[in-house]
Amino acid sequence: MGSQGIRGPAYRLVYGNTKEILSLRNQIWISPMGLSHDILPRILPHICSWTKQYGMNFLTWYGSRAQLVITQPELIKEILSNSDGTYPKVQAPGFLRKILGDGLVTAGGYDPSDGCKCGDYVKKMETQRGQGDRGLFRILVLWLSCQLKVYERSGIRDSIIKMMKTREEKALKGESEGYGNDYFGLLLKAYHDPDMTKRISLDVLIDECKTFYIAGHETTTKLLTWTILLLATHTDWQEKLREEVLELFGQKNPAPDGIGKLKTMSMVINESLRLYPPAVNISRNVEREVRLGKYILPANMELVIPILAIHHDPQIWGEDVDLFKPERFADGVAKASNNTPAAFLPFSSGPRICVGLNFAATEAKIALSMILQRYRFNLSPSYVHSPVLVVTLRPQHGLQVIFQPLSVNQRN
Ligand code: HEM
């Protein structure tokens, strides 16, 4: 790689560069930061400093494994749009595979009935208000209790099996057409396929469900968390969104045809995903020797695409890159990114783009609309800005927000 002009920090026996990376992170993560969105030096300090030192693409070592970090949008597009298997996904680390199983992410039906529904969540908030809590809710506690429910792992397997039994019984009694025409129904159909060569095992079925549930839940809750933070600190945008929501839905629950018309909300969500992408990195393997741009890459090398670094590159987004300015997305992603749409990657791109993209965007819009219809919110003085990377990008000490219920005439 050196002969092709690729440089990077020196390889160290056994550890590669992992010790340096961890020590850089540990030094920074012990203290919070001011309320700034300039989070790249905090979350990926090594990428921040090594791109400055070694260039846009550089080589690092994860133990004895070579990793090529790529921040050049043309090369990223080439890798992610490839569909001939040259750049397969990297196997997830052991702990993630334990949680996710071997579903579509690591290689994801989503039945929201067991999860935290927006309506239930808003109702819980209303109950707390009823209990004389003067509108101060610790949003994290609720969010965490929802997450814990989802993450009870043994519970997940049992509830999937329970759902299977209910559907199987309904199908047997002829109360439904087949096993249902949603994703879970399709998985069940494959599980009962009369052709044994096409049949999927119980473990595969469960892993696919776990993948969809956890991949979708972890990421969408982080999108909502960061968007609430941004709106709590930029109350002018909060008011603009509330106006849009009230104009489209009044006090009614968000309707499908209106969700597509939430233009200002889409801009805010894009800006939130740009500044605080829940998934910070994408990794790929190099299956066989291949030409990428002007480089020849050897087989078995790992490629790392640091989404966060690309989303915080002033060359692409301008000198105001670390400011919350949803208006940059008013005329689409290409305009916002100086004609580099491949640089906006919150859901990845190409054939392995996030399958839950539309689901996540719709779910986030419904949740935000329902909160905006009922509450005005500000940041609590107890909030400490300390973004950290633990699988996804999250606030280390949670997000504390003060919610003020809107009176009936403020709601119209
Ligand atoms: C804000 C919310 C979300 C974000 C930021 C997000 C982000 C991503 C990203 C970056 C990838 C590509 C990973 C890679 O290539 O290594 C991905 C893949 C995936 N996501 Fe999402 N996701 C979100 C919501 C969801 C939801 C709601 C679901 C399911 C209902 C979901 C299911 C999946 C699955 C199954 C894959 C793997 C697709 C494949 O490899 O073909 N995601 N997501």
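# Reading the sheet, a helix and the cores

Author: Let's start with an open sheet of 4 strands in mixed pairing, ordered β1-β2-β7-β4. Strands here are DSSP runs of E with at least two residues, helices are runs of H or I with at least four, and both are numbered from the N terminus. Two strands pair if DSSP finds at least two bridges between them. This is a predicted model, where local features need pLDDT of at least 70 and side-chain atom pairs count only at 80 or more, while totals for chains, interfaces and linings use all residues. Residues are numbered from 1 along each chain as its sequence is written, and side-chain values use heavy atoms, with hydrogens and water left out.

Reader: Which strands stand at the edges of the sheet?

Author: Those are β1 (57-62) and β4 (281-285); each has a single partner strand, so one side of each has no neighbour in the sheet. Between β1 and β2 (residues 65-70), which run antiparallel, there are 6 bridges. Leu-59 sits opposite Leu-68 in β2.

Reader: Which helix lies across these strands?

Author: Helix α4 (residues 73-81) lies across β1, β2, β4 and β7 (302-306), at about 120° to β7. Contact means heavy atoms within 4.5 Å, and angles run from 0 to 180 degrees between N-to-C directions of axes fitted to C-alpha atoms, for helices over the stretch in contact.

Reader: Which residues of α4 are buried, and which are exposed?

Author: Buried means under 20% relative accessible area, exposed over 50%, and partly exposed in between, with a 1.4 Å probe and protein chains only. In α4, Pro-73, Leu-75, Ile-76, Ile-79 and Leu-80 are buried. Seen down the axis of α4, they fall within an arc of 155°, so they line one face of the helix; the arc is taken from the directions from helix axis to C-beta atoms. On the other side, Glu-74 and Lys-77 are exposed.

Reader: How many residues does the largest nonpolar core have?

Author: A nonpolar core is a set of buried Ala, Val, Leu, Ile, Met, Phe, Trp, Tyr and Cys residues joined through side-chain atoms within 4.5 Å. The largest one here has 84 residues, with Leu-297, Leu-303 and Phe-377 making the most contacts inside it. Helix α10 (residues 202-233) gives the most to this core, 8 residues.

Reader: What is the protein donor of the ligand's iron atom?

Author: Donors are N, O and S atoms within 2.8 Å of the metal (3.2 Å for Na, K and Ca), and water is not among the atoms, so sites may look incomplete. The only protein donor of the iron is Cys-354 (SG), at 2.3 Å. Cys-354 lies in the loop between α16 (333-336) and α17 (357-374).
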